[in-house]
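Subject: The structure we talked about

Hello,

Here is the structure I promised to pass on to you. Have a look at it first, and then read on for what turned up in it.

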Amino acid sequence: MKERHKRKEMYSFILVSHIDNRSRQFTLSAFCLRLLGGLLVILCIGLGFIIYLLATGEYREYQLQVQLKQQEERLLALEEENARLVADGEKLTQEKEELQQTIETQVDTEESSSTDTALPRLYPSDGVGDLQGTFTEEEPYLTIGMQSGDNVVATGDGVVRLVDYDERYLHSIEIEHTSGYISRYFCNKEVELRVKEGEQVKARTPLFTILTNNTQLDYQIILDNEAVNPFQVMKLEG
C-alpha cells in the first residue's frame, strides 16, 4: 500500500532593516497564518463594536442633554405661567375685596339711611291705607283712605307738639322730629286718640285708631315752614 505524501504549506517572511541591512526570516505555516488572520478579524470586530458602543453612548448622552434642556425650558415656561396665574389670582382677590368693601359700604349707607328714624320716612298707616290723593300745590299733602281698626302711626321719632281740632278736621296731630321736619296728621271723623301733647314717640307708634270705614287721613310734612312732598323723604312700608 502506497502512503500519500502530505505537503505542508509554509510561508516565509523576510524583514530587512534599513539601519544595518540585516534581515530576519520568519516562517509560518498556512494554518498559523489563517489563525492570525482570524484573530485579526475578531480583533477588528471587537474594536469596531467598542467604537460603536462609545459612539452610541455619546449619541444617547447628546439626546439626554437635548431632552434635559427641553424639560428645563418647559419647567421655566410652567414657572412663568404659574407666576402669571398667581399674579392674576392676587389681582382678582384684591378686586373682589375692593368690590366687597364697596358693596358693604353701600349696604351700610342704605341701612343707615333706612334706619334713620329721626326722619319721617314711614307710611302713616299700619293697615292697607289706600292712597287717594297725591301732593300738589293746591293740596300740599297726601290723602289716604283708611278703614276701621287701622292705626295712624308716627312716621319717625319725635315729640307730639300738638293734639287739636279745627273747623275742617275733627282731629289733628303734629309731631316735631329732631331732623327738623314736622309731620302732621289730619282726620275728618271720630277716632280713638292714643297719644297726648308733649309725649315722646318712636317711629310706628300708634297716634290714633280709626273707628269708621272710609275715613280720610290727610298727611303732611313741613320743612322750614314750607310743605314738601312726603314721597321725597318717606320710605313706603305700608
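Two strands are said to pair if DSSP finds at least two bridges between them. Please keep in mind that this is a predicted model.

**The strands around β6**

Strand β6 pairs with strand β10 (residues 200–201) in the antiparallel sense, over 2 bridges. Here V159 stands opposite Q200 of β10.

Strand β6 also pairs with strand β7, which covers residues 171–176; this pairing is antiparallel too and runs over 5 bridges. In this pair, V160 is found opposite I175 of β7. How many residues lie between β6 and β7 in their hairpin? There are 6 residues between the two strands.

The structure holds 5 salt bridges. One of them joins the side chains of E176 and R161, at 3.7 Å from N to O. This pair links distant parts of the chain, with E176 in strand β7 and R161 in strand β6, 15 residues apart. Are these two residues buried or partly exposed? E176 has 38% relative accessibility and counts as partly exposed, and R161, with a relative accessible area of 39%, is partly exposed as well.

Another salt bridge is formed by the side chains of E174 and R184, with 2.8 Å from N to O. E174 belongs to strand β7 and R184 to strand β8 (residues 181–187), so this pair ties together parts that are 10 residues apart in sequence. E174 is buried, because its relative accessible area is 10% and buried means under 20%. R184, at 25% relative accessibility, counts as partly exposed.

These residues belong together: R161, E174, E176 and R184 are linked in a network of salt bridges.

Nonpolar side chains tend to be buried together in soluble globular proteins. In this model, the largest nonpolar core has 25 residues, and V152, I173, I175, Y185, L207 and F208 are those with the most contacts inside it. Which strands each supply at least two residues of this core? They are β4 (142–146), β7, β8, β11 (206–210) and β12 (215–223).

Leaving aside residues up to four places away in sequence, I175 touches several others, including A154, V160, R161, Y185, V201 and L207.

**The helix**

Now turn to helix α1, which spans residues 30–114 and contains L36. A nonpolar surface patch of about 540 Å² is made by F31, L35, L36, L39 and I42. L36 counts as partly exposed, because its relative accessibility is 46%.

D88 forms a salt bridge with R84, and the closest N and O atoms are 3.0 Å apart. Both residues lie in helix α1, 4 residues apart, which is about one turn of the helix. D88 is partly exposed at 32% relative accessibility, and R84 is partly exposed at 41%.

Enjoy exploring, and write back with any questions!

Best wishes

Methods:
Residues are numbered from 1 along each chain as its sequence is written. This is a predicted model: local features need pLDDT of at least 70, side-chain atom pairs count only at pLDDT 80 or more; totals for chains, interfaces and linings use all residues. Side-chain values use heavy atoms; hydrogens and water are left out. Patches are made of residues with over 30% relative accessible area and no salt bridge: like charges are joined within 9 Å, nonpolar side chains (Val, Leu, Ile, Met, Phe, Trp, Tyr) within 5 Å. Accessible areas come from the Shrake-Rupley method with a 1.4 Å probe; for residues, only the protein chains shown count as cover. A salt bridge is a side-chain nitrogen of Lys or Arg within 4 Å of a carboxyl oxygen of Asp or Glu. Buried means under 20% relative accessible area, exposed over 50%, partly exposed in between (1.4 Å probe, protein chains only). A nonpolar core is a set of buried Ala, Val, Leu, Ile, Met, Phe, Trp, Tyr and Cys residues joined through side-chain atoms within 4.5 Å. Contact means heavy atoms within 4.5 Å.
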